[in-house]
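Biologist: Let's walk through this one together, one question at a time. Please set the ground rules before we start.

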Amino acid sequence: MGIKGLVESGYLTSIPPEYVFPSNLNDLTAEEQVPTVDFSQLTSGTPDEKSKAIQAIGQACREWGFFMVINHSMPKRLMDEMLNVSERFFDLTEEEKKEYAGKELFDPIRCGTGFNNGQGKMFLWRDYLKIHVHPHFHAPHKPSGFRETSEEYCKKAREVVEELVKGISKSLEQEENYIHKKTDIESGLQLLVVNLYPPCPRPELVTGMPPHSDHGILTLLMQNDVCGLQILHNGKWVPVNPPPYSLLVNTGDQMEILTNGRYESVVHRVVVNSEASRITIGTGHGPPLGATVRPAAELLDTTENHHLQKYNGMKYSDYIELQQNNQLKGKSCLDGLRII
């Protein structure tokens, strides 16, 4: 039974002990201004506006590893439809969802609860649906409309990410297709992750997602009107309260490796509440599964004519397997690739 089923069963009188997660929710910082990027200025602004947008992206990647995107090209109608079909997926019966449970890490469609269905003894207050949507598209055939809506949404997400990655390349003082050429992101893995965080009677005792970084290059996220995402900035947790219909972007571990630490992946977590369900739609964008990302020669630090490479490379599929088969704990997987 998923978390949604547990909450709606009527039998939940206390939090099952396996779901109690030690965390400190008192370490929030004062409300900080999370960086915002105007997508329209990046793609169709004047040369001066585009230059400022690229500078804003670079500063956000350098100082936060995270930014919000407004005035983007993702239609509001499509965002609403994606949230609707996602909610209807989780409304399917437990028997219907079992069809998509998946058994292996790289199965194209997997749904479950917690983190890999409780593997690694990690029980999270979350139900999820994970789908490989590029370079080969997959989708469950239930509920009606899910396949069509998700295919359109994921295509638009790739278009948004393509422009953002061009901006990130320019912010690194490289030509706009630099990251595309270095990572082959256009033919790389796109993973659709739909998360449901049901309300919890004792939200301070559980976690939706523990502190972690994402394994890919860039993650694009949207949510319903319920907040819960917190990002680690300067040693403090900053709650993210995005404006309606904005998109949230965070850098992943492969970006940190590629840029040799110039643009670090951001550690983030998810807290839940006692009042309402939170739904998020994330698309993770990475290199091809068989590719190995290494620090780019042009981005290495140079000290006394010695190039200092800070990370080893690892085949992307191996990196995902390493992260997903261990407990999520900050940037522990990336730490294993550090040289200096």
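Modeller: Buried means under 20% relative accessible area, exposed means over 50%, and partly exposed is in between (1.4 Å probe, protein chains only). What you see is a predicted model: local features need pLDDT of at least 70, side-chain atom pairs count only at pLDDT 80 or more, and totals for chains, interfaces and linings use all residues. Residues are numbered from 1 along each chain as its sequence is written, and side-chain values use heavy atoms, with hydrogens and water left out.

Biologist: Which residue forms a salt bridge with aspartate 48?

Modeller: A salt bridge needs a side-chain nitrogen of Lys or Arg within 4 Å of a carboxyl oxygen of Asp or Glu, and the structure holds 17 of these salt bridges. Here the closest N and O atoms are 3.5 Å apart. With 52% relative accessible area the partner is exposed, and its name is lysine 52.

Biologist: How many residues apart are lysine 331 and glutamate 256?

Modeller: Their side chains meet in a salt bridge at 2.7 Å, N to O. Lysine 331 is in the loop between α9 (316-324) and α10 (332-335), while glutamate 256 is in helix α8 (residues 253-258), and this pair links distant parts of the chain, 75 residues apart.

Biologist: What is the relative accessibility of glutamate 256?

Modeller: Lysine 331 already counts as buried, at 13%. Glutamate 256 counts as buried too, at 0%.

Biologist: Which residues are linked with Glu256 in a network of salt bridges?

Modeller: Arginine 338 forms a salt bridge with glutamate 256, with the closest N and O atoms 3.5 Å apart. That pair also links distant parts of the chain, 82 residues apart, as arginine 338 is in the segment after α10. Arginine 338 is partly exposed, at 34%. Put together, the network joins Glu256 to Lys331, Asp335 and Arg338.

Biologist: On to the rings! What angle lies between the planes of tyrosine 19 and phenylalanine 123?

Modeller: Rings of Phe, Tyr and Trp (its six-membered ring) pair if their centres lie within 6.5 Å; planes under 30 degrees apart are stacked, over 60 edge-to-face, and the rest tilted. By that rule there are five aromatic pairs. Tyrosine 19 and phenylalanine 123 are edge-to-face, with centres 5.5 Å apart and planes at 70°.

Biologist: Why does the pair tie together parts that are apart in sequence?

Modeller: Tyrosine 19 is in the loop between α1 (3-8) and β1 (36-38), and phenylalanine 123 is in the loop between β3 (109-113) and β4 (127-134). The pair therefore ties together parts whose separation in sequence is 104 residues.

Biologist: Last one: in which strand is asparagine 250?

Modeller: Asparagine 250 is buried, at 6% relative accessible area. Contact means heavy atoms within 4.5 Å, and, not counting residues up to four places away in sequence, asparagine 250 touches several residues, including Gly65, Asp214 and His268. Its place is residues 247-251, strand β10.

Note on methods:
Helix = DSSP H or I, 4+ residues; strand = E, 2+ residues; numbered from the N terminus.
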